[in-house]
Amino acid sequence: MARLHDIVIDCAHPAATARFWAAALDGYAVAPYDEAELARLGALGFAGPEDDPTVLVEPAGGGPRLWCQLVPEPKRGKNRVHLDLRAAAPEAETDRLVALGATVVARHEDHHVLADPEGNEFCLFPAHR
């Protein structure tokens with residue numbers, strides 16, 4: 001039986017998208033770059049982490065990782081898969097996420113639909129749902 005390992009987010013700016021999701025999600029951080037990884041990127045012609053075409057966002061305590069991956073085409077239309085987040089104070093969390101670069105797409109009675117800086121939609125629900 002398959003197990004969820006990674007969630008991949010297609011984007012135009014992997015480093016910026018990774019920073020957004022690391023800040024948006026509790027317990028997640030952009031994976032650090034060691035000398036070997038910096039050398040590998042340099043050998044491939046990338047100047048450093050800001051130009052990395054695949055940036056990893058890791059959870060501190062287990063769970064699925066997020067990979068932010070460079071793709072050449074822009075986002076078109078609605079996501080076919082999206083993340084659902086929960087927060088104890090959804091209104092305050094919506095404000096925090098907007099301050100990080102998200103936009104509010106829709107406000108519904110039981111949840112909000114937002115988009116990350118690349119336009120990828122996600123939902124925010126109350127923690128008690």
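**Sheet architecture and helix packing**

In the predicted model, four strands form an open sheet of mixed pairing, in the order S1-S4-S3-S2. Strands are DSSP runs of E with at least two residues and helices are runs of H or I with at least four, numbered from the N terminus; two strands pair if DSSP finds at least two bridges between them. On average, neighbouring strands are turned by 20 degrees against each other, direction ignored. Residues are numbered from 1 along each chain as its sequence is written. Local features need pLDDT of at least 70, side-chain atom pairs count only at pLDDT 80 or more, and totals for chains, interfaces and linings use all residues, while side-chain values use heavy atoms, with hydrogens and water left out.

Strand S3 (residues 54-59) pairs with strand S4 (residues 65-70) in the antiparallel sense over four bridges. Threonine 54 has glutamine 69 of S4 as its bridge partner. Helix H1 packs on the sheet, touching S1, S2, S3 and S4, and its direction makes about 155 degrees with that of S4. Contact means heavy atoms within 4.5 Å.

Helix H1 (residues 14-24) also packs with helix H3 (residues 90-100), at an angle of about 155 degrees and with the axes 10 Å apart. Axes are lines fitted to C-alpha atoms, for helices over the stretch in contact, and angles run from 0 to 180 degrees between N-to-C directions. Phe20, Ala23 and Ala24 of H1 meet Glu93, Arg96, Leu97 and Leu100 of H3 in this contact.
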